[in-house]
Amino acid sequence: MNVRIETKPAFKMAGLAVKNAQNENLPALWDRLFSEFSMPQLLSLGSGMSFGSCYNYAEDPMSFSYMAGFDLANPDLAAELGLDILEVPEAEYAIFEILGPVPACIHQGWEYVMGTWLPENGYRHAGTPDFEHYFEGDPNSPDYKMELWVPIRKI
């Protein structure tokens, strides 16, 4: 698994969000996003980068909010469409390139990140939003490429 560390500047994303998200319900949120909004509308929000974001972690790491959306440079359009907006602070990320069909590659990627990479490299999750960064292509393909952006802090 290819890993690089980058500091990303603060940015915004817009999309549909749910509180107390459950992993098994996240595909339905994406389906809703793509059924309620056209791809031209979503792409015109910003540069066209597509993200799933987990944020608002509570005491229980399995209790979080989730947003399915796109990067945001046009907040007026997001407001007009009635989309939720997430403001993301500047953060240092470990960025993991993962391959395989979604969601299996995401689950395997997180297992490696949390169980192996973070502890072996002296980091912990910083508690700020993390991201699934989706690229064009068939997410059901065994060679689909995407990234996990994990906010990190040295232990």
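Is C54 buried or exposed? C54 counts as buried, at 12% relative accessibility. The legends below describe close-up views of a predicted model.

**View 1. The cysteines C54 and C105.** The structure holds zero disulfides. C54 takes part in none, and the cysteine sulfur nearest to it, that of C105, is 14 Å away. Because a disulfide needs sulfur atoms within 2.5 Å, the distance of 14 Å between the sulfur of C105 and that of C54 is too far for a bond. C105 is buried, with a relative accessible area of 3%, and C54 is buried as well, at 12%.

**View 2. The buried side of helix α1.** Helix α1 spans residues 26-36, and its buried residues are L26, L29, W30 and L33. These residues cover an arc of only 100° around the axis, so they lie on the same side of α1. Among the elements that cover them are the strands β2 (11-18), β3 (50-55), β4 (65-72) and β8 (130-134). Helix α2 (39-43) also belongs to this cover.

**View 3. The opposite face of helix α1.** D31 and S35 are exposed residues of α1. They sit on the face that is turned away from the buried side of the helix.

**View 4. A nonpolar patch on the surface.** The patch is formed by M1, V3 and Y112. Together these residues have about 240 Å² of accessible area. V3 is located in strand β1, which runs over residues 3-8. V3 counts as partly exposed because its relative accessibility is 31%, a value between the limits of 20% for buried and 50% for exposed.

Note on methods
Residues are numbered from 1 along each chain as its sequence is written. This is a predicted model: local features need pLDDT of at least 70, side-chain atom pairs count only at pLDDT 80 or more; totals for chains, interfaces and linings use all residues. Side-chain values use heavy atoms; hydrogens and water are left out. Buried means under 20% relative accessible area, exposed over 50%, partly exposed in between (1.4 Å probe, protein chains only). Helices (H or I, at least four residues) and strands (E, at least two) are DSSP runs, numbered from the N terminus. The arc is that of the directions from the helix axis to the C-beta atoms. Contact means heavy atoms within 4.5 Å. Patches are made of residues with over 30% relative accessible area and no salt bridge: like charges are joined within 9 Å, nonpolar side chains (Val, Leu, Ile, Met, Phe, Trp, Tyr) within 5 Å. Accessible areas come from the Shrake-Rupley method with a 1.4 Å probe; for residues, only the protein chains shown count as cover. A salt bridge is a side-chain nitrogen of Lys or Arg within 4 Å of a carboxyl oxygen of Asp or Glu.
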